[in-house]
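Please walk me through this structure, one part at a time. I have not seen it before and would like plain explanations.

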Amino acid sequence: MAKKQTKKETKKQTKKDKIDKSKNLISLLKKHGAQVYEDLENGEFPKFSIPNRSISNIIYDKKLRQYVLGTNTSLRSSRNSSQLRSFTQLLWLAFFANKLTHEKKSSTLRDVYYSSQAFAVDFEDQGESDNIIVDLEAVLSQPREDFYVFPEERSSIFGDLTIEYTIPGYEGKTQNLSSHPDGYAIGPSMTSAELVDTSAELVIAIEKGGLFTRFVEEQVDKKFKSIIINTGGQAPRSTRTLLKRLHDEMGLPVVILTDGDVYGEHIAMVIKSGSANAAHLKGLTVPDAKWMGVWATDIDKFKLPTIPMTESDIKRCYDLLKDPRYQEGLWKRELEVFIKIKRKAELEAFSKYGLNNITEKYLPKKLEESKSF
Amino acid sequence: MSSNEQFNQISPSEFFYRNRDLAGFSNPTRSLYTAVREFVENSLDACDHSGILPNIHMTIKAVDPEKPDPKQYILTVKDNGPGIPSKHVPLAFGTVLYGSKFGLKQARGMFGLGATMAILYGQITTNKSVKVKSNADGKTRFDFEMLLDIQKNKPVIVKKQETPSSEKGLSVSICLDGDYSKAGTKIRDYVYQTSLITPYATISFDDPKGEKFHHKAIIRSMPPAPTIIAPHPYGIDVETIRRMLVDTHYQIPNVDDKMIEKVRKELGMSKKKFTYDEIMKKTEKKWKSLSRPVRVVISLMSFLEADFEKLQRIRIEDVDLRNNKLVYWDYSTSQTLVAEMDVESHYYKQLANTVQGESLTHFLSKRFQRVGPTAALEFCKFAKFKPETRVGNMTDQELVKLSDALQTYEGFRSPDPTCLAPLGDGPLEKGIERRFEPDFMAVVQRTASAYSGFPFVIEMGIAYGGKIETRGTTVYRFANRIPLLYDEGSDVVLKVVKDTDWNRYKVKNDSAPMIIVSHICSTRVPYKTVGKENVADRPEIEKELRLALQFLSRKLSGYMSKKGQAEMAKKRANLYSKYLPLVAQFCTELSGNKKEPNYKEMIKEETALTNSEGTLEEVKKNG
């Protein structure tokens, strides 16, 4: 009972937070607009100050346990003819973001690119518009999801979780996420929804769609009282946001199951402590998340069939060895074993011992193990 | 070689008949084009040398238009030149190697034998006569119809007719096998490019398909005509020196009847018989007015104590200056006789001078261009000749040494270009401007230079943009005002253009609307082949071409960077007029204001800034 009480309070708190966040964002955008307006009125060329996102300005914050941007900023001025275009693009995006936030309409990266054409602001390709979106994130220090711009790629979620939509037209409507065996796409409506109730005690994030389906079929949600999330490879930000909320708001531990290779290890790491690409953003990480496997040491332990690493796999291992987050513990140990054995194993490798081997044998063992690290 | 092989002498016509490939008459396509060239160039040369602004009309008509190519065509070229006096017409058009172009000066054709070759080719392929209409005096026009007797190298006049006419000029018409469908492009290019390099000429062309091309003269003045001049030391060999020595008349004249008649005439003693004393007496009085050969003959007479009758009976064998003896053959007694020579006599001096010839320094400074007395002295020092060496006394070895030294000595000034007729930068510029109407152009005429003693001048022009329709660098090559159209791959001009790193001059070589006009003028253009279509890469010529192109490219580069700046400034201005209104619009909505901020002044300032930075109009034409 006490637990539920806490949950409700948290919920209220987050709802309020959300409204505040939205208000803050709008006022921040308005502030920038007003500054530009004032400059023009005074016959001065307006400019934006954008935190520098180059490698040299990305540092690892040990306390936050994630990458953050340093203090370097660069100026984008409309006075400079080579920056005028991108300045205008950035201002337009601020204007567009304001519109989206105001009207609670969501958009995708691609949609932003096409919308620009209606305003005579031209982007050469989507790559250019994606860059401007990251620029605005950096200026506002807020992820694009806050101003209703979502990525195309969708990952999915399944399990006993009841949500309440907040998007216009669905406000107040609730949905339990265990009613449809294909799972539910993690889109804007999911990310912005209130997390109302759950019987789950665990979140299992899994790298692959195939295994996600298998887990649903094997009723892992019921057997292990869990919510299953398919990250679809490297977890998109909306998924990471949702993971963080499940952890923070619902108090659920998060475990991650990936392929037994260096990329799998890093997928887990990004969920745990963010990526260098998003160093300008905070609130996307789940520092307490645990990488459950497949570890390099599991390969030998569970006698998994393997394939040899490629050149680029090995290079990636050595690159990650330089990363400050891989300097100790499990992360360093597993990486070094990968380098040593120069072989890797897919999650599917378990099917050698039967299709349900992974859920029957491996999963319980690792879950048990995970409690101790 | 077998002993019973027959040796026949062949006539020049026959030689060319057998080797017509060499002269560009290898097939119907090439032949039609070559024939056009030969006639048009002859007409232009004739007009140039008479100072007449050329007006040339050419027609090519198919004898039977229905037939497929190759077929018979009638080619007619008519000019307003000086015409050819009627008595020379048969020889000029009916004989190979008859011409007036054997001097050292620049002309399009070398010997004028190309036209005869064209006539010969026409006759061979169609068996039809050549029709020549010539009016040289502005009173009478002579119309000839002729055939060539190839074996005898002689004209056969089929028909001759006189008509009163005041219109001077020459018209030549031949019937020949040709292929206009293949040669047409080249012929039209040829006519077009000729008009480009001859902007003072009006050239019109009616082609067999009924198209008319008319290129009107752009300028009304002709460049100065070239003069005939003495050779330059660099361009000389032993044989030429020997001929020059003969030419100088520093030889004991052949005392024949004709010579004796000349002596009598100059002394004013033609009629009667005169004694030796009378002759000598008259000589004393008239000495100063006598010509050199006459003086020599009289000097001989003085030692022989001969009158005219005795002179007729003898032949001079040797003038032995070492022993002061005169050796001669007497026909009447059939024996060799010797006469003593008096060293004190001024007749001796005359004779000695003649036999020994002039001094080397005198010979050099008088007989060669660009050699003055000082240069001659310095050259003697270099070649280790005594300056007072008499050229008449020089042995064969010494002549070889002299010839070698003349070519290795570096102190001579470069050859006199007055024998050249470059177009001049003015007319060249006009020609390019009117034909291409470019945004930018520059021309340069280099100072004269020489290769192996042949002077040459490089003229070059470069044009960019405007109405130039071709993309990439188009090179128009000319040599002695002739367009060169074939075999461009191996040409030295192309080589120089290709070697240029155009990026350095801010030009995108493969897409730039750029043309280069190159004109090499020389008394002898070093063509690689007899067909006269590409110029060999002599280092001297290549260097001059390179310098000319570099000069022009630098100018173009200046234009391009100004153009670049102007375009950049314009782009900048456009940028502000495009984006500032958007910035204003977005920030107004974003900030919740009702009225847009006052930003218009800012655009105005930016645009004004641009204008003061210079526009394209100002940088146009800085050549």
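The model is predicted, not determined by experiment. Chain A has 373 residues, of which 41% count as buried. Its secondary structure consists of 13 helices and 17 strands. Among the contacts in chain A with a separation of 6 or more, 71% are between residues 24 or more positions apart.

Strands of a sheet pair through backbone hydrogen bonds, and the pairing is either parallel or antiparallel. In chain A, strand β2 (residues 58–61) and strand β3 (residues 66–69) are paired in the antiparallel sense, with four bridges. One of these pairings sets Asp61(A) against Gln66(A) in β3(A). The two strands make a hairpin with four residues between them. In the turn, Arg65(A) has a positive phi of about 60°.

Two other residues of chain A also have a positive phi without being glycine. For Tyr148(A) the value is near 70°. Tyr148(A) sits in the loop that runs between α4 (126–140) and β6 (149–150) of chain A. Is Tyr148(A) buried or exposed? The cut-off for a buried residue is 20 or more other C-beta atoms within 10 Å. Tyr148(A) has 23 C-beta neighbours inside 10 Å and therefore counts as buried. For Lys303(A), phi is near 50°. Lys303(A) belongs to the loop between α10 and β16 (307–308) of chain A. Here 12 or fewer neighbours is the limit for an exposed residue. Lys303(A) counts as exposed because it has 11 C-beta neighbours inside 10 Å.

Chain A also holds a cis peptide bond, from Gly293(A) to Val294(A), with omega near 5°. Val294(A) is part of the loop between β15 (290–293) and α10 (296–301) of chain A.

Next comes a pair of helices in chain A. How do helix α9 and helix α12 of chain A cross? The axes of α9 (residues 262–273) and α12 (residues 329–341) come within 10 Å, and their crossing angle is roughly 165°. Because angles over 145 degrees count as roughly antiparallel, α9(A) is roughly antiparallel to α12(A). The crossing is left-handed. On the side of α9(A), the contact is made by Val262(A), Glu265(A) and Met269(A). On the side of α12(A), Trp331(A), Glu334(A), Leu335(A) and Phe338(A) take part. Five of the residues in this contact are nonpolar and two are charged, with no polar ones.

Chain B contains an open sheet of eight strands with mixed pairing. Its strand order is β5-β4-β3-β6-β2-β1-β7-β8. Why do β5 (154–164) and β8 (212–215) of chain B each have one side without a neighbour in the sheet? Both stand at the edges with a single partner strand each, so one side is left without a neighbour. On average, neighbouring strands of this sheet are turned by 15° against each other, direction ignored.

Within the sheet, strand β3 (residues 130–135) of chain B and strand β4 (residues 140–149) of chain B run antiparallel and are joined by five bridges. Lys133(B) has Asp143(B) opposite it in β4(B).

Two helices of chain B lie across strands of the sheet. Helix α2 (residues 28–50) of chain B lies across β1 (55–62), β2 (71–79) and β6 (169–178), at about 175° to β6(B). Helix α5 (residues 180–197) of chain B lies across β1, β2, β6, β7 (202–206) and β8, at about 15° to β8(B).

A cis peptide bond occurs in chain B as well, from Asp69(B) to Pro70(B), with omega near -10°. Pro70(B) is in the loop between β1 and β2 of chain B.

The last topic is the contact between the chains. Here 20 residues of chain B are in contact with 22 residues of chain A. On the side of chain B that touches chain A, α17 (539–591) and α18 (600–612) of chain B each supply at least two residues. The most come from α17(B), with 13 residues. This side of chain B is made up of twelve nonpolar, five polar and three charged residues.

Key
Residues numbered from 1 in each chain as written. Chains lettered and ligands numbered in written order. Predicted model: local features only at pLDDT ≥ 70, side-chain atom pairs only at ≥ 80, totals over all residues. Contact = placed C-beta atoms within 7 Å. Axes fitted to C-alpha atoms, helices over the stretch in contact; angles between N-to-C directions. Parallel < 35°, antiparallel > 145°, perpendicular 65-115°, else oblique. Left-handed = near helix turned anticlockwise from the far one by under 90°. Nonpolar A, V, L, I, M, F, W, Y, C, P; charged D, E, K, R; others polar. Pairing = 2+ DSSP bridges.
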